[in-house]
Amino acid sequence: MNDGRLNDARADRITGAVGTALSLSYIAYARGIEDSLLADAVGANGVPIGVGVVLLLASLALLVKTWVVKAPTTKVQEIVKNDAAAAPDADAPQHPHAMALGLLAILVVYVTLLPLLGYVLSISLLVGAVAWFAGARQRTSLLACMLLAGPLLWLLFDWALEIRLPIGLWPKLLGR
């Protein structure tokens, strides 16, 4: 029953292939960025290459997923489609503008809290809020994601890349 429309696996394969090609070209262009005399240990091309590698890994993961995960049977697809039509998620915003405004509100709260709470706690709260807003409701995985996000991102930026991040009011509160 091919009616000319893309199924999920085919759309994911196309997206993964295009993403792979674009990320490889992005990495190639980023490698061509020359360092200046003011460049640090990472260099001017370090972060763009890192972003390109992350995009490449995500694209390759999407491609691999299309061959590893089997498509549901027609009967299962009908049940899922009927369930989705009968009971939409009450927590999820139904309009794209509502989703954008919600994410913007979360970002405003993050920017407001960043100088007060510091990077580690603020980014953990941001990750948790965005995940919850997007529909994540499993407390254990949501909490684990929040607890890991701040310290891991701090290690990446502050420690590995030596990009100093806001520490917040904690030193003043702790008497330092």
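Predicted model: local features only at pLDDT ≥ 70, side-chain atom pairs only at ≥ 80, totals over all residues.

User: What percentage of the residues is buried?
Analyst: A residue counts as buried under 20% relative accessible area. The protein has 176 residues. Buried residues make up 20% of them.

User: What part of the contacts with a separation of 6 or more joins residues 24 or more positions apart?
Analyst: Take the contacts in the protein with a separation of 6 or more. Within that set, residues 24 or more positions apart account for 61%.

User: How are helix 1 and helix 2 oriented to each other?
Analyst: Helix 1 covers residues 8-31, and its axis comes within 8 Å of that of helix 2. The two axes cross at roughly 160 degrees. Angles over 145 degrees count as roughly antiparallel. Helix 1 and helix 2 are therefore roughly antiparallel.

User: Which hand does the crossing of helix 1 and helix 2 have, left or right?
Analyst: The crossing of helix 1 and helix 2 is left-handed. By class, their contact has 16 nonpolar, eight polar and four charged residues. To end on the hand of the crossing: left.

User: Is Ser59 buried or exposed?
Analyst: Ser59 sits in helix 2, which spans residues 46-68. Leaving out residues up to four places away in sequence, Ser59 touches Gly16, Gly19 and Thr20. Its relative accessibility is 10%. The cut-off for buried is under 20%, so Ser59 counts as buried.

User: Which residues does Leu63 touch, not counting residues up to four places away in sequence?
Analyst: Leu63 is also part of helix 2. At 15% relative accessibility, Leu63 counts as buried. Its C-alpha atom is separated by 9.7 Å from that of Arg10, 53 residues apart along the chain. The residues touched by Leu63 are Arg13, Gly16, Ala17 and Thr20.

User: What is the C-alpha to C-alpha distance between Leu55 and Leu24?
Analyst: Leu55 belongs to helix 2. Its relative accessible area is 42%, so Leu55 is partly exposed. Leu55 and Leu24 are 31 residues apart in sequence. In space, their C-alpha distance is 8.9 Å.

User: How far apart in space are Val51 and Ser23, C-alpha to C-alpha?
Analyst: Val51 lies in helix 2. With 39% relative accessibility, Val51 counts as partly exposed. Val51 and Ser23 are 28 residues apart in sequence. Their C-alpha atoms are apart by 8.6 Å.

User: How are helix 4 and helix 5 oriented to each other?
Analyst: Helix 4 is residues 96-117, and helix 5 is residues 119-134. They pack with their axes 8 Å apart, at an angle of about 165 degrees. The crossing is right-handed. Helix 4 and helix 5 are therefore roughly antiparallel.

User: How many charged residues are in the contact of helix 4 with helix 5?
Analyst: On the helix 4 side, the residues include Leu103, Ile106 and Tyr110. On the helix 5 side, they include Leu126, Val130 and Phe133. By class, the contact has 16 nonpolar and two polar residues.

User: How are helix 5 and helix 6 oriented to each other?
Analyst: Their axes come within 8 Å. They cross at roughly 135 degrees, and the crossing is right-handed. Helix 5 and helix 6 are therefore oblique.

User: How many nonpolar residues are in the contact of helix 5 with helix 6?
Analyst: Helix 5 contributes residues including Ile123, Val127 and Trp132, while helix 6 brings Met146, Trp154 and Phe157 among others. Three residues of the contact are polar and none is charged. The nonpolar residues number 15.

User: Is Asp158 buried or exposed?
Analyst: Asp158 is in helix 6, residues 139-160. Not counting residues up to four places away in sequence, Asp158 touches Ile163, Arg164 and Leu165. At 11% relative accessibility, Asp158 counts as buried.

Technical notes: Residues numbered from 1 in each chain as written. Heavy atoms only, no water. Buried < 20%, exposed > 50% of the residue type's maximum accessible area, 1.4 Å probe, protein only. Contact = heavy atoms within 4.5 Å. Axes fitted to C-alpha atoms, helices over the stretch in contact; angles between N-to-C directions. Helix = DSSP H or I, 4+ residues; strand = E, 2+ residues; numbered from the N terminus. Parallel < 35°, antiparallel > 145°, perpendicular 65-115°, else oblique. Left-handed = near helix turned anticlockwise from the far one by under 90°. Nonpolar A, V, L, I, M, F, W, Y, C, P; charged D, E, K, R; others polar.
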